[in-house]
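Keep the sequence and the structure side by side.

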Amino acid sequence: MSVTLEGIEAQVRSYNPSADLRGLEEAYAFAVEHHAGQMRKSGEPFIHHPLEVAMILAGLHLDTATLQAALLHDVVEDSSVSLKEVRKRFGDEVAVLVDGVTKLGRIKFSSFAEAQSQNLRKMLIAMAKDIRVILIKLADRLHNMRTLSALDEEKQRRKAIETMEIYAPLAHRLGISSIKWELEDLAFYYLEPKKFAQIQKMVAESRTAREAYLHQVIDQLSTELEAIGVQSEISGRPKHLYSIYQKMTQRGKDFSEIYDLIALRVIVDSVKDVYGALGTVHSIWKPMPGRFKDYVAMPKFNMYQSLHTTVIGPAGRPLEIQIRTEEMHRTAEYGIAAHWRYKEGGRTDEAFDERLAWLRQMLEWQTELKDPREFMEALKIDLFEDEVFVFTPKGDVISLRKGSTPIDFAYMIHTEVGHHCVGAKVNGSIVTLDYELQMGDRIDILTNKNSWPSRDWLGIVKTSSARSKIRSYFSRASREDDLVKGKDELMKVLRKQGLGLSGSALGKALDHVARDMNLVEGDDLIAAIGAGKQSPKQVVTKLIRLIAKESPQPPAPEPEGPVVAPPTRAPNRRRSTTGVRVKGIDDVLVRLAHCCNPVPGDTIIGFVTRGRGVSVHREDCPNSRELVTNNPERILEVEWDTGTSTTYQVEIVIEALDRTRLLQDVSVALADAGVNVLSAAISTDRQGIAYMRFLFELGNMDQLQKVLSTVRGVNGVFDARRTMPEGGRKRGGAS
């Protein structure tokens, strides 16, 4: 029987007796006028479709503006009516809803995947502004699925797949089970017709026995609840065919093993009665271990609340029972639609806003994904996710996708917490970053302000929001990485040519060459080298030609350090191979003390040894303080000889969370920093903390700071610092 405007109006009056229905009548007349002569594939007049959509929404008890938009939702897409005309006639509110469900039909896309992706993006953005957009779209899809038989087989399958992958999960996310179940069963019918028919037959064959059993347990439970003064409404809960199919295939269950084929729903007056009824159920029948779930104290992400328990009922048969209040039941059936009334009249509902947090997160990452296939894959993952509830150190509950890791949790707390995450404690014990969070875990994130995300994390995290934030970080850092890499590559080639990188003269030359290569400035050129888009050799060749053209003679040294010729040396002066000069004394043997391994930039002192020349210590070395105190007459003034090119030995200590490939990652970081490792020592304590010491060669203090900074960025590293000698020990000192 076809839906009529009168039928819709009667439904609206049943839940809103004071509703002004003139707007509905105007919208209907407008839709009839502009869909005149249009027919659906089923052979029905087109106006039947918007009427059916409006009736589905009236069944969800939605407001008249939403029902107006439902009647008008196809006029812009399928007739000559403009959105401007809809706005002028029916106002901004209705126009926004109509625009939200209107496809981008006038834009040509390169593929179906791109068209699907862009239309869904548009709908999600509109949905974030007004959740009623998706309610209209779900009702639209539901009626289209009810009439899908009119399309050819290829279109049936494509629509069914899209429904199963996008629209049914969206209905689930919004808590609208009344639509979700029907969408899934209809899609199942078209995707697996033989299996659908087989399960339908098995359910029908067992119906008589099942109904008789349900009457028995309902009578028994009603009597017991009345005895304790709990008013209840008990009914059998229908089991949907696709749900049965899922349990049979995904969990390897036989049809006879599906517990909730026989299921009860108990609706009571209050939360107190919910728990009272649970006690009665467990006093009558024994509960099955591990089959109790409390979604009243900890609601699902879609606002669903109910107690679930499975007991061994009469005749030893498993019996699933759901217990909830009338309000909880309304939310379970209508989801977000049941809460829409709280948004009307300027009132707000905090629970409503919190439950839409997942939508805001979805919008955060969806703008970052340019590839339509990547966007669709990420959307499907987010819509299909099951939940796991975990706790912050303060006891706050955080809902995450099942399978999430400490990194996902860290990014859920705050982006910066995620960026600086180096480890985590779960229930007081240190875990690896790929640990799969379990229901009820208490998580404490360990951070280090000098640590940053690793690209390996993209293979660890499970939530799209965390993955998006990691990708966003690398996107922003990409230019900086290219600059560093490009500068290093350019320096290597410049050094081979006897040129230096620093200085205003070279900076101007780089800018000039960049402009010749259609780039804005020198940094763009360096970044292009780092990204592999420009050859450093070609760039240096252009630089040399430019410098030679502007300055035929080698330029004189400048304080700023532009391109310089090698400095001339005094013919009679002997340079120290250690890079240290003893003031007032030439040609003396000088060696660097191994107890403190000084490098240029350290404040140093010299000590005259017996037969081994001058030993040079850092001024803050414990051995040097002892030497100054006990042998002040043997102390000499020394200084760094900046004109000497040599290498120095430095030892650092690294503290990190022990994990697989830690040593490999640290070694790679040291190699990337350009140091030559001479020795290493590694140990791990009972708390899972690794201590690593590395002795290596480098050129100066600036390079040391770069090494430390690089190592601190390794995943799991807490600290990296230069070692100090133990106080008073004469390692490498004088005698």
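**Helix pair, cores and buried sites**

Gly23, Leu24, Ala27, Tyr28, Phe30 and Ala31 of helix H2 meet Thr64, Leu67, Gln68, Leu71 and Leu72 of helix H4. By class, the residues of this contact are eight nonpolar, three polar and no charged. The model is a predicted one.

How do the two helices lie against each other? Two packed helices are described by the angle between their axes and the distance between the axes. H2 spans residues 22–34 and H4 spans residues 64–72. Their axes come within 9 Å and cross at roughly 5 degrees. Angles under 35 degrees count as roughly parallel, so H2 and H4 are roughly parallel to each other.

Leu72 leads on to the cores. It belongs to the largest nonpolar core, which has 70 residues. Leu57, Leu72, Leu138 and Ile179 have the most contacts inside this core. Which helix gives the largest share of the core? Helix H9, residues 132–146, does, with eight residues.

Look next at leucine 138. Not counting residues up to four places away in sequence, leucine 138 touches Tyr167, Leu170, Ala171, Leu174, Ile176, Ile179 and Leu183.

Another core lies apart from the largest one. This other core has 34 residues, including Val590, Ile604, Val675 and Phe696.

Now turn to helix H11, residues 177–191, where glutamate 184 has its place. Is glutamate 184 buried or exposed? Buried means under 20% relative accessible area. Glutamate 184 has a relative accessibility of 8%, so it counts as buried. Leaving aside neighbours within four places in sequence, glutamate 184 is in contact with Met164, Ala168 and Tyr242.

Helix H26, residues 622–630, also has buried positions: Pro622, Asn623, Ser624 and Leu627. What covers them? The cover includes three strands: E14 (604–608), E15 (614–618) and E16 (635–636).

Cysteine 621 has a relative accessible area of 0%, so it is buried. Cysteine 421 counts as buried too, because its relative accessibility is 1%. How many disulfides does a search of the whole structure find? The search finds zero.

How values were computed:
Residues numbered from 1 in each chain as written. Predicted model: local features only at pLDDT ≥ 70, side-chain atom pairs only at ≥ 80, totals over all residues. Heavy atoms only, no water. Helix = DSSP H or I, 4+ residues; strand = E, 2+ residues; numbered from the N terminus. Buried < 20%, exposed > 50% of the residue type's maximum accessible area, 1.4 Å probe, protein only. Contact = heavy atoms within 4.5 Å. Axes fitted to C-alpha atoms, helices over the stretch in contact; angles between N-to-C directions. Parallel < 35°, antiparallel > 145°, perpendicular 65-115°, else oblique. Nonpolar A, V, L, I, M, F, W, Y, C, P; charged D, E, K, R; others polar. Disulfide = S-S within 2.5 Å. Core = buried A, V, L, I, M, F, W, Y, C linked by side-chain atoms within 4.5 Å.
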